[in-house]
Amino acid sequence: MVGSLSAVGEIVYVSEFSEKTTTGFMMRSGRKVFHYPKGTYTPVISDGHRIYLTGYSSITALQPVHLRALRQARRQARRK
């Protein structure tokens, strides 16, 4: 069973009740770009800086990671 949808920027988020997960899809292409193992009725809320996922008994704040910073962190981790 699917909960309500939330749109933040170019991504639409949907929560799924039986699996209790939240998934994000690009609006134009439908490509899956986000998945998180928590979620309930309203998948995400945003303050313009972070997204907040509401679980059955929790709220999780997630900070966006830019692709360039992620690639750089992976390169540094390989060097160690």
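In this predicted model, arginine 28 forms a salt bridge with glutamate 10, and the closest N and O atoms of the two side chains are 3.8 Å apart. Because arginine 28 lies in the loop between β3 and β4 while glutamate 10 lies in the loop between β1 and β2, the pair ties together parts that are 18 residues apart in sequence. The count of salt bridges comes to one. Arginine 28 has a relative accessibility of 79% and therefore counts as exposed, whereas glutamate 10, at 41%, counts as partly exposed.

Methionine 27 has its place in the loop between β3 and β4. With a relative accessible area of 41%, methionine 27 is partly exposed. When residues up to four places away in sequence are left out, methionine 27 touches Ala7, Gly9, Glu10, Ile11 and Val12. For one of these residues, valine 12, the C-alpha atom lies 6.1 Å from that of methionine 27, although the two residues are 15 apart in sequence.

**The chain as a whole**

The protein chain holds one helix and seven strands, and its elements follow the pattern β-β-β-β-β-β-β-α when read along the sequence. Along its principal axes, the C-alpha trace spans about 45 × 30 × 25 Å. Of the 80 residues in the chain, 26% are buried, and the chain exposes about 6000 Å², of which carbon and sulfur atoms supply 55%. Among contacts between residues at least 6 apart in sequence, 20% join residues at least 24 apart.

**The four-stranded sheet**

Four of the strands form an open sheet, in the order β1-β2-β3-β4, and their pairing is antiparallel. β1 (2-8) and β4 (32-36) stand at the edges with a single partner strand each, so one side of each is left without a neighbour in the sheet. Neighbouring strands of this sheet are turned against each other by 20° on average, with direction ignored. In general, the strands of a sheet pair through backbone hydrogen bonds, in either a parallel or an antiparallel manner.

β1 and β2 (residues 11-16) run antiparallel and are joined by five bridges. Within this pairing, valine 8 has isoleucine 11 of β2 as its bridge partner, and valine 2 stands opposite glutamate 16 in β2. The two strands form a hairpin with two residues between them, and in its turn glycine 9 has a positive phi of about 65°.

On its way through the sheet, the chain continues from β2 to β3 (residues 21-26), and these two strands pair in the antiparallel sense over six bridges. Here valine 14 stands opposite threonine 23 in β3. The hairpin of β2 and β3 has four residues between the strands, and lysine 20 takes a positive phi near 55° in it.

Tyrosine 52 has alanine 61 in β7 as its bridge partner, and β6 and β7 form a hairpin with four residues between them.

| Strand pair | Bridges and direction |
|---|---|
| β1 and β2 | five bridges, antiparallel |
| β2 and β3 | six bridges, antiparallel |

**A nonpolar surface patch**

Valine 65 counts as exposed because its relative accessibility is 59%, and exposed means over 50% relative accessible area. Together with Leu67 and Leu70, Val65 forms a nonpolar patch on the surface, and the three residues have about 260 Å² of accessible area together.

Conventions
Residues are numbered from 1 along each chain as its sequence is written. This is a predicted model: local features need pLDDT of at least 70, side-chain atom pairs count only at pLDDT 80 or more; totals for chains, interfaces and linings use all residues. Side-chain values use heavy atoms; hydrogens and water are left out. Two strands pair if DSSP finds at least two bridges between them. Axes are lines fitted to C-alpha atoms, for helices over the stretch in contact, and angles run from 0 to 180 degrees between N-to-C directions. Patches are made of residues with over 30% relative accessible area and no salt bridge: like charges are joined within 9 Å, nonpolar side chains (Val, Leu, Ile, Met, Phe, Trp, Tyr) within 5 Å. Accessible areas come from the Shrake-Rupley method with a 1.4 Å probe; for residues, only the protein chains shown count as cover. A salt bridge is a side-chain nitrogen of Lys or Arg within 4 Å of a carboxyl oxygen of Asp or Glu. Buried means under 20% relative accessible area, exposed over 50%, partly exposed in between (1.4 Å probe, protein chains only). Contact means heavy atoms within 4.5 Å.
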